Amino acid sequence: MKTAITTSASTSTTSKVATTTTTSTAPVASGAIATTSGTSFVIDGKLQYFVGTNTYWIGFLTNNADVDLVMQHLATSGIKVLRVWGFNDVTSTPSAGTVYYQSFINGVASINTGANGLQRLDYVVASAQAHGIKLIVNFVNNWTDYGGMAAYFSYAGITSNAQWYASAKAQAQYQAYIRAVVTRYAGSPAIFAWELANEARCNGCATSVMQNWIKTTAAFIKSIDGKHMVTTGSEGFGLTTGSDGSYPYQFGEGTDFAANCADVNIDFCTYHQYPDSWGIPAASAQAWGNAWIQSHAAACVAAGKPCVLEEFGYSDNCAIELSWETTALKTTGTGGDMFWQYGDTLSSGLTSQDGNTVYYLSDLWNCMIAPHLADVKAKNG
């Protein structure tokens with residue numbers, strides 16, 4: 001999802017939010033690295049469906065206790081997988097104490113491994129491992145939030161995302177950054193998967209552009225870490241299976257879901273779900289979303305790999321979102337679903353409300369997340 005560039009806490013929410021914290025002891029992570037088995041996942045040595053969520057902001061927090069609180073709440077709830085931004089790129093000198101991971105100031109690329117850099121991500125990985133949470137970590141953003149591909153433009157002498165894929169200089173630095181991150185955690189059981197990008201698109205491009213970039217990048221990651229899974233971070237655009245001809249099924253964003261999913265070094269396939277942002281009429285959003293899930297699951301069955309509904313949201317509408325969760329759980333080919341996004345009460349107050357935030361133990365949580373977690377637990381046994 002395109003995110004607002006902020007790490008400040010929100011001051012209000014539309015639903016009741018619990019402010020008490022749990023004192024339960026979180027489980028200790030297994031030493032097993034997650035993998036796939038057909039269209040399912042094996043997590044901590046067990047074949048299982050998972051519920052996950054997204055916190056793009058957690059690696060930018062500077063209070064370790066806040067990170068631990070989030071991990072504890074996820075663990076005690078039964079949420080298994082957390083997707084975090086593994087990038088935070090700047091093109092000008094940030095204010096003192098601001099967390100960033102890579103800079104392109106004055107045309108010079110530099111990876112920040114300091115206390116306000118990747119050491120913050122180090123703590124997220126360590127806390128996740130201590131609490132039994134698995135992480136999906138991505139490396140660049142399609143959007144300009146937290147830098148994105150646009151942060152590379154001046155450095156590489158390019159002016160568009162489409163040029164970013166073809167720029168030898170941009171790709172060399174992108175791979176250098178990937179190497180810097182992956183080698184820090186190559187042996188960690190807390191890593192669920194490495195993800196090429198958040199919602200990569202190449203508007204108007206031939207689909208071969210994205211296919212070649214995925215092929216090259218996934219192979220590069222596997223060359224330095226053959227243990228962990230790799231995925232794309234795709235929105236799922238460009239699909240003929242089940243197509244109704246609507247914009248998301250079309251190939252105009254340069255993506256071919258089935259072809260990208262088929263790459264030998266892609267272990268599982270992701271798709272996102274925001275019908276209200278994609279021009280789908282409100283009256284048909286729920287049914288359209290269920291069909292979108294089933295179409296991608298069928299494509300994943302054909303590929304012999306799991307699908308993950310990696311992001312979804314619909315204006316905090318419990319009935320619609322719970323319907324999608326239920327469909328995902330019941331549809332062969334889907335191995336997990338991850339709501340956008342998780343919210344909590346930290347030392348600075350509530351985390352950001354972007355219109356789709358589900359706060360821990362809020363009314364929306366109890367309506368949409370708690371029953372789904374119970375259903376998943378019953379299915380997994």
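Analyst: Start with a term. A strand is a DSSP run of at least two residues, and strands are numbered from the N terminus. Gln341 sits in the loop between strand E14 (334-339) and strand E15 (342-343). Keep in mind that this is a predicted model.

User: What kind of peptide bond joins Trp340 and Gln341?

Analyst: A cis bond, with omega at about -15 degrees.

User: What makes H8 roughly parallel to H9?

Analyst: Helix H8 (residues 285-303) packs on helix H9 (residues 318-330) at an angle of about 20 degrees, and their axes are 9 Å apart. That angle makes the two helices roughly parallel, because the label covers angles under 35 degrees. The crossing is right-handed.

User: Which residues of H8 and H9 meet?

Analyst: From H8 come Ala285, Gln286, Gly289, Asn290, Ile293 and Gln294; from H9 come Ala319, Ile320, Ser323, Trp324, Thr327 and Ala328. By class, this contact has 6 nonpolar residues, 6 polar ones and no charged ones.

User: How do helix H1 and helix H2 pack, at what angle and how far apart are their axes?

Analyst: H1 (residues 64-77) and H2 (residues 118-131) pack at about 35 degrees, with axes 9 Å apart. H1 and H2 also make a right-handed crossing. H1 contributes Asn64, Val67, Asp68, Met71, Gln72 and Ala75, while H2 contributes Arg120, Tyr123, Val124, Ser127, Ala128 and His131. Sorted by class, the contact of H1 with H2 holds 6 nonpolar, 4 polar and 2 charged residues.

User: Why is the pairing of Glu310 and Arg83 called a salt bridge?

Analyst: Opposite charges on side chains can pair when the charged atoms come close. The cut-off is 4 Å between the side-chain nitrogen and the carboxyl oxygen. For Glu310 and Arg83 the N to O distance is 3.2 Å, so the pair qualifies. Glu310 is in strand E13 (residues 307-312) and Arg83 in strand E5 (residues 81-85), 227 residues apart. The structure has 8 salt bridges.

User: How do you know whether Glu310 is buried or exposed?

Analyst: Buried means under 20% relative accessible area. Glu310 has 0%, so Glu310 is buried. Arg83 is at 0% too, so Arg83 also counts as buried.

User: Which side chain does Glu235 meet in a salt bridge?

Analyst: Arg201, at 2.8 Å from N to O. Glu235 and Arg201 are both buried.

User: What makes the pair of Arg201 and Glu253 a tie between separate parts of the sequence?

Analyst: Their side chains form a salt bridge at 3.5 Å, N to O. Arg201 is in the loop between E10 and H6 and Glu253 in the loop between E11 and H7, so the bridge ties together parts 52 residues apart. Arg201 and Glu253 are both buried. Elsewhere, salt bridges with shared partners join Arg83, Glu195, Glu310 and Glu311 into one network.

User: What is the phi of Leu361?

Analyst: About 65 degrees, positive although Leu361 is not a glycine. Leu361 is in the loop between strand E18 (358-359) and helix H10 (363-380). Its relative accessible area is 35%, so Leu361 is partly exposed.

Methods: Residues are numbered from 1 along each chain as its sequence is written. This is a predicted model: local features need pLDDT of at least 70, side-chain atom pairs count only at pLDDT 80 or more; totals for chains, interfaces and linings use all residues. Side-chain values use heavy atoms; hydrogens and water are left out. Axes are lines fitted to C-alpha atoms, for helices over the stretch in contact, and angles run from 0 to 180 degrees between N-to-C directions. Helices (H or I, at least four residues) and strands (E, at least two) are DSSP runs, numbered from the N terminus. Angles under 35 degrees count as roughly parallel, over 145 as roughly antiparallel, 65 to 115 as roughly perpendicular and the rest as oblique. A crossing is left-handed if the near helix is turned anticlockwise from the far one by less than a right angle, and right-handed if clockwise. Contact means heavy atoms within 4.5 Å. Ala, Val, Leu, Ile, Met, Phe, Trp, Tyr, Cys and Pro count as nonpolar, Asp, Glu, Lys and Arg as charged, and the others, Gly among them, as polar. Buried means under 20% relative accessible area, exposed over 50%, partly exposed in between (1.4 Å probe, protein chains only).
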